[in-house]
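Hi there,

Here is the structure I promised to pass on. Have a look when you get a moment, and my notes follow below.

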Amino acid sequence: MIIDKEKQQIRELFANDQKYVQNEKKIQNDFIVQMQVAKYDSKNKEDPLLIQAGLTQQKQSVFIIQGKLQNDNNIRSITYYMISQLQNQKNQEFFIIYLNTELKTYLHLSKFYSTFKEFPCIYFENLQKIFIVHGNVFIKSWFWFQNSVQISILKQKTIYLEKMVQLLNYQFFQKQQFEKIPFYCKDSSYQQLQQAFTGNKQQFIQLNETQIYNLELDEYELTSKRIPLILDLCITKLLQNPKNIMLEGIFRLCSAQTQDKEFENYLIQKQYQEILDYENIIVIANFIKRVLDKLKYSVVPYQYYNQITTMNKYSIEDTQQLIQQFPNLNKNLFTLIILILQSVASYSHINKMNASNLAIVFGISLCRPQVYEQENIQEQYQKIKMINQYIQFIIQNATQIFPNQKISDFLLETEIEQNEIQQQEGQQQ
């Protein structure tokens, strides 16, 4: 809940903005007229882009906007509906979840923010947070070109999330909000988000991905280094050029679904040379994350989840002992991923992905519970944060935790070995 002091600061920002003060009366009058027009429009067409997702435990409204705003009618309809709900109670506070799935530019986002363009000050005071799910660098760059007091406040209140499951980090997000998220906005972490509220009772809709997802580690085709071949190929390509891991937002930026499917088809059809020649590094980075997200069992075995989430302090020696208890396949993959993340974090001054950011992206991917406890969601929030903190500690201290190991220890050493595997596959076929 926004405290009165923060609301007062917002009030003062508006009061000190000469442009707003000069136009305040006009803004109020125009707002009333626009609401009347929008109300008329909404009678003729219910806009499916906005979902009223109910109230939080603190009686704050939650709105979900699906992102693909096409025209002014969308904007007026969304604006009216939000205000009609917010006016039911005086000083109604609210959250907005903006689902940016598959949108690669800031065009739709700019239309979304335009719904606030002429809002009176009170609505900026009562806005708690805007969560933009799947925000990329293009989306974030929209703020670079704006300088009004309204945009300044919206910028402060906006939080970008790379995965749907990160909504669990915020206590306002409850089952009734989750149930309003449309199917097409699912990402690779959606199953974990769903489990947090429904356990394993529901059958998840599976795409034709059975050959590369939802497998146990020993069900994958393994290299001589005991790493899944598809991950070996992707990581080899990722590390082929040092500039690849210097890409700003690596492992955080979204990729186009069509490109993801193209890449997956190469793997399903075992066109491995296509993987080694593939140029879109963001697609490859996202695939690595997606495989970890969709492993049948967590990389960190389930029995260690509660142990990690109850640690009072971290030490290098205790961490080494814990990792040594993992099954060999799990230990190999976990070590390899951490060493890669350490390498990425070493360029954080360029790629903007430090150990903390990488831990947020990979924490749940590497270490998750067997079942999320529906009865105590707030406790799950805290456990996720503890997992992220521990993964951050391991990334930051990887050199000491794995003193005699390097990335090349886990990857095929030469292209000759990769070619030999491909030849064996050809003979078997």
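A residue is called buried here when its relative accessible area is under 20%. Please keep in mind that this is a predicted model.

Six of its seven residues are buried, so strand 4 is largely enclosed by the rest of the structure.

Which strands does strand 4 join by bridges? One is strand 3 (residues 94–99), which runs parallel to strand 4 and is connected to it by five bridges. Across this pairing, I130 of strand 4 has I96 opposite. Another is strand 5 (residues 158–161), again parallel, with four bridges to strand 4. There, F131 has I159 of strand 5 as its bridge partner.

Next, a residue in a helix. Q192 sits in helix 9 (residues 190–198). Its relative accessibility is 3%, so Q192 falls in the buried class, which takes in values under 20%. L168 is 24 residues away from Q192 along the chain, and their C-alpha atoms are 9.9 Å apart.

Finally, the surface. E262, E274, D277 and E279 together form a negative patch. Of these, E274 belongs to helix 12 (residues 272–277). Is E274 buried or partly exposed? With a relative accessible area of 35%, E274 is partly exposed.

I hope this helps you find your way around.

Best wishes

Methods:
Residues numbered from 1 in each chain as written. Predicted model: local features only at pLDDT ≥ 70, side-chain atom pairs only at ≥ 80, totals over all residues. Heavy atoms only, no water. Patch = residues over 30% accessible without salt bridge, like charges linked within 9 Å, V, L, I, M, F, W, Y side chains within 5 Å. Areas by Shrake-Rupley, 256 points an atom, 1.4 Å probe, with all protein chains shown as cover. Salt bridge = Lys/Arg side-chain N within 4 Å of Asp/Glu carboxyl O. Lys, Arg positive; Asp, Glu negative; His and termini not counted. Charge placed at Lys NZ, Arg CZ, Asp CG, Glu CD. Helix = DSSP H or I, 4+ residues; strand = E, 2+ residues; numbered from the N terminus. Buried < 20%, exposed > 50% of the residue type's maximum accessible area, 1.4 Å probe, protein only. Pairing = 2+ DSSP bridges.
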